[in-house]
Amino acid sequence: MYRLRHILKVFSFSLLVFGLCPQLLHAQSMQELRHSAELGNAEAQFALGDCYFHGNGVEQNYAEAEMWYRRATAQWYALAKMRRDALNLKSEASFSGNWSQFLLSHLKYPDKALNENVQGTVMVEFIVETDGSVSDVKVLRSVSKECDDEAVRVVKLGKWGPAVDNNDQKVRTRFLQPITFRLEE
């Protein structure tokens with residue numbers, strides 16, 4: 001159980017692309033989700049891990065959750081490495097500091113979303129410029145207008161480190177950041 005908590009803590013904000021399993025299941029049955037996960041779809045693997053962790057649609061099983069989280073994590077690392085290699089990057093753009101702590105301090109749950117029990121993950125795409133500033137911010141996956149606006153606001157507030165290419169030059173790159181809005185039970 002400790003290892004599972006550690007994995008969730010380390011990857012909580014960077015990997016919660018499909019944080020709530022029921023939201024993904026509106027379009028897929030559990031069988032389709034499992035099939036997609038077994039074929040190597042990292043998003044489906046993470047969603048299935050979430051289902052097992054929370055007992056949504058399946059019996060709660062922490063060992064099964066950990067296995068699916070690990071598979072998803074391995075897939076994402078492989079994809080990130082392929083992207084970095086294809087772009088000849090020495091390092092990707094990244095948040096300067098502790099992203100989880102920054103979100104805890106600056107992310108405000110919108111009142112309307114709170115009152116309506118709106119939850120989910122906003123997927124924000126943006127450009128990290130060579131000076132670390134953010135431009136061209138777009139919401140790729142919406143939760144609600146209020147949550148989307150808050151996610152965009154927080155991304156623009158943060159201090160980002162630019163990507164560095166293999167010639168040690170700072171380069172502008174596109175960045176994808178999930179921001180999860182989840183109410184405590």
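**Helix packing and burial in the predicted model**

Of the 185 residues of the protein chain, 42% count as buried. The structure is a predicted model. Its secondary structure comprises eight helices and eight strands. Contacts between residues at least 6 apart in sequence were also examined, and 70% of them join residues at least 24 apart.

Two packed helices are described by the angle between their axes and the distance between the axes. For helix H3 (residues 30-38) and helix H4 (residues 42-54), the axes come within 8 Å and cross at roughly 130 degrees. Angles over 145 degrees count as roughly antiparallel and those from 65 to 115 as roughly perpendicular; H3 and H4 are therefore oblique to each other. The crossing of the two helices is left-handed. On the H3 side, the contact is made by Met30, Leu33, Arg34, Ser36 and Ala37, which meet Ala44, Gln45, Ala47, Leu48, Cys51 and Tyr52 of H4. By class, this contact of H3 with H4 contains eight nonpolar residues, two polar residues and one charged residue.

Burial within H3 involves Leu33, Ser36 and Ala37. These residues cover an arc of only 100 degrees around the axis, which puts them on the same side of H3. An α-helix has 3.6 residues a turn, so residues three or four places apart point the same way. Leu33, Ser36 and Ala37 are also among the H3 residues that meet H4.

Ser36, located in helix H3, has a relative accessible area of 17%. The cut-off for burial is under 20%, so Ser36 is buried. When residues up to four places away in sequence are not counted, Ser36 touches Asn41 and Ala44. Of these two, Ala44 is among the H4 residues in the contact with H3. H3 is followed by Gly40, whose phi is positive, near 105 degrees.

A buried group is also present in helix H6 (residues 99-106), where Trp99, Phe102 and Leu103 are buried. These three residues cover an arc of only 100 degrees around the axis, which puts them on the same side of H6. The packing partners of the buried H6 residues include both helical and strand elements: helix H8 (145-157), strand E2 (94-95), strand E5 (160-161) and strand E8 (173-181).

Definitions and conventions. Residues are numbered from 1 along each chain as its sequence is written. This is a predicted model: local features need pLDDT of at least 70, side-chain atom pairs count only at pLDDT 80 or more; totals for chains, interfaces and linings use all residues. Side-chain values use heavy atoms; hydrogens and water are left out. Axes are lines fitted to C-alpha atoms, for helices over the stretch in contact, and angles run from 0 to 180 degrees between N-to-C directions. Helices (H or I, at least four residues) and strands (E, at least two) are DSSP runs, numbered from the N terminus. Angles under 35 degrees count as roughly parallel, over 145 as roughly antiparallel, 65 to 115 as roughly perpendicular and the rest as oblique. A crossing is left-handed if the near helix is turned anticlockwise from the far one by less than a right angle, and right-handed if clockwise. Contact means heavy atoms within 4.5 Å. Ala, Val, Leu, Ile, Met, Phe, Trp, Tyr, Cys and Pro count as nonpolar, Asp, Glu, Lys and Arg as charged, and the others, Gly among them, as polar. Buried means under 20% relative accessible area, exposed over 50%, partly exposed in between (1.4 Å probe, protein chains only). The arc is that of the directions from the helix axis to the C-beta atoms.
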